[in-house]
Amino acid sequence: MTTAGASWKAAGAAGEPLPTAELIGWVRDASQRLTDLVADLDDGQLIGPRLPIVNPLLWEIGHVTWFQETFVLRRGLGEPAVIGHADAIWDSAAIPHDTRWQLILPSREETLGYIGEVTERVADRLARPDATRQLGYIARYAVHHHDMHTEALTYTRQTLGYPPPALPGAGTGPPAEAGPLPGDAEVPGGRYLLGADRGEQFVHDNEKWVHPVQLAPFSIARAPVTQGEYAAFVGDGGYRRRELWGDDGWAWRTRAAAQAPVYWRRGPGGWERRDFDRWMPLEAHRPVSHVCWYEAEAYCRWAGRRLPSEAEWEAAAIGEPDGAGGLASRRRRFPWGDGPVTAQRAVMDWHHLGTVDVAACPAGDSAFGCRQMIGTLWEWTASAFEPYPNFEQDAYRDNSWPWFGQRKVLRGGAWATRSRFIRSTARNYFTPDRRDVLAGFRTVALG
Ligand SMILES: [Fe+2]
């Protein structure tokens, strides 16, 4: 990448950039959330054990800030590095994952100082006349990179058994107890437009661009699979019955010695699950979380159902009926319509420090009656992560290219996803063995 602003804009969406004051607010907020998520941890917890699925937390908060500095200040404006050897510490493409625990990292105080310095410099540069036009896209990109990592820091705390994070605004969502939501929504078949519209204000490379696909009619669950439903699968020998698993899934199950979801154990009164550092009984009507794609696939086989393709998922979320038994050409922005994410419509932004019952948030229903498709948990789909036919790479090549063909697509966002990050066309992607991410799934009837 040689010039930043212009090339990023050319590769990006066609919509107007975010107003400067709002973008500066996001920059400060993203940085604050980053530091809030680790503020209560001691120095040992800030490093943590070497695991393939986590980063040392102290390294991660520095890396996020290094990314912002590198793309906005250094490449975008040609400014010198705040810390001379920063690339040797925090460049995730250059520093192998398992060596990050051996680095001599700046101290907590030095890292927090670096975060504060970069945040204020970026805010200052954005406030300069006409800066948003040049830097707006790349600065927003960096905010969303923060957003991805703050979600990851949240489930890293779950992985490592740390306490739930103390965050302002947590626990302010609507009540979590709302009960079950059984049954399917009927989605008509026809031509569906999959992917991001060119008029979007901001998209990631892998959402580009909208293109037609043909769908057969299908019946999709109105809600994700609950803990109670998943417990029935476990109780019916789900993890012991070879016929319920694909070859790769059975190999994974054997390797992982999996007998239940990763954070479940048998207690005196039945299954319990670990929520950060506390054990609690299952909540029967909340969605099952922290299951990998293989576990989702095995559950589907047991239930006589299947995972939706990502096109089916998206059509169920934002498609509309045409009134004549087919799909309309119009799509909604979100399942509930074109209005913004609110706490009544979706569980996001850590308003709940976890999931809610699947019947909660009726105001967020899609045109076909599917609930909580945005927020609560990312949902595994059957689809492999591949470029769309009209894919266009952004300046940050590593966002998608290295991962195509190796991962499965998840949709919808989770309770620790920022609402400013989510779109109904957003694609997340993990390898099918990941159980640490905030993921569940919903099922589709066999045709
Ligand atoms: Fe990163």
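The model is predicted. Its largest pocket has a volume of about 1300 Å³. The second largest pocket holds about 260 Å³ of space. Elsewhere, Asp36 is buried without a salt bridge, and the peptide bond from Lys208 to Trp209 is cis.

**Largest pocket**

- The volume of the largest pocket is about 1300 Å³.
- Its lining counts 42 residues, and the closest to the pocket centre are His149, Trp403, Arg407, Phe430 and Arg434.
- Three elements each supply at least two lining residues: helix H4 (57–77), helix H7 (131–159) and strand S11 (428–430).
- H7 gives the most to this lining, with eight residues.
- By class, the lining of the largest pocket splits into 17 nonpolar, 13 polar and twelve charged residues.

**Second largest pocket**

- The second largest pocket contains about 260 Å³ of space.
- Of its 17 lining residues, Arg333, Phe334, Ser419, Arg420 and Ile422 are the closest to the centre.
- The lining of the second largest pocket has seven nonpolar, three polar and seven charged residues.

- Asp36 sits in helix H2, which spans residues 20–36.
- Asp36 is buried, yet has no salt bridge.
- The nearest side chain of opposite charge is Arg33, 4.6 Å away.
- Leaving out residues up to four places away in sequence, Asp36 touches Ala166, Leu167 and Pro168.

**Cis peptide bond**

- The peptide bond from Lys208 to Trp209 is cis, and its omega is near -20°.
- Trp209 belongs to the loop between strand S2 (190–194) and strand S3 (211–215).

- Gln372 is not a glycine, but has a positive phi of about 55°.
- Gln372 is placed in the loop between helix H11 (310–318) and strand S9 (378–384).
- Gln372 counts as buried because its relative accessibility is 2%, and the cut-off for buried is under 20%.
- Thr376 also has a positive phi, of about 65°, although it is not a glycine.
- The loop between H11 and S9 holds Thr376.
- Thr376 has 2% relative accessibility, so Thr376 counts as buried.

Terms used
Residues numbered from 1 in each chain as written. Predicted model: local features only at pLDDT ≥ 70, side-chain atom pairs only at ≥ 80, totals over all residues. Heavy atoms only, no water. Helix = DSSP H or I, 4+ residues; strand = E, 2+ residues; numbered from the N terminus. Buried < 20%, exposed > 50% of the residue type's maximum accessible area, 1.4 Å probe, protein only. Lys, Arg positive; Asp, Glu negative; His and termini not counted. Salt bridge = Lys/Arg side-chain N within 4 Å of Asp/Glu carboxyl O. Contact = heavy atoms within 4.5 Å. 1 Å grid on protein atoms, 1.4 Å probe; cavity = no way out; pocket = protein on both sides within 12 Å on 5 of 7 lines; lining within 4 Å. Points joined across faces, edges and corners; volume = space filled by probe spheres on them. Nonpolar A, V, L, I, M, F, W, Y, C, P; charged D, E, K, R; others polar.
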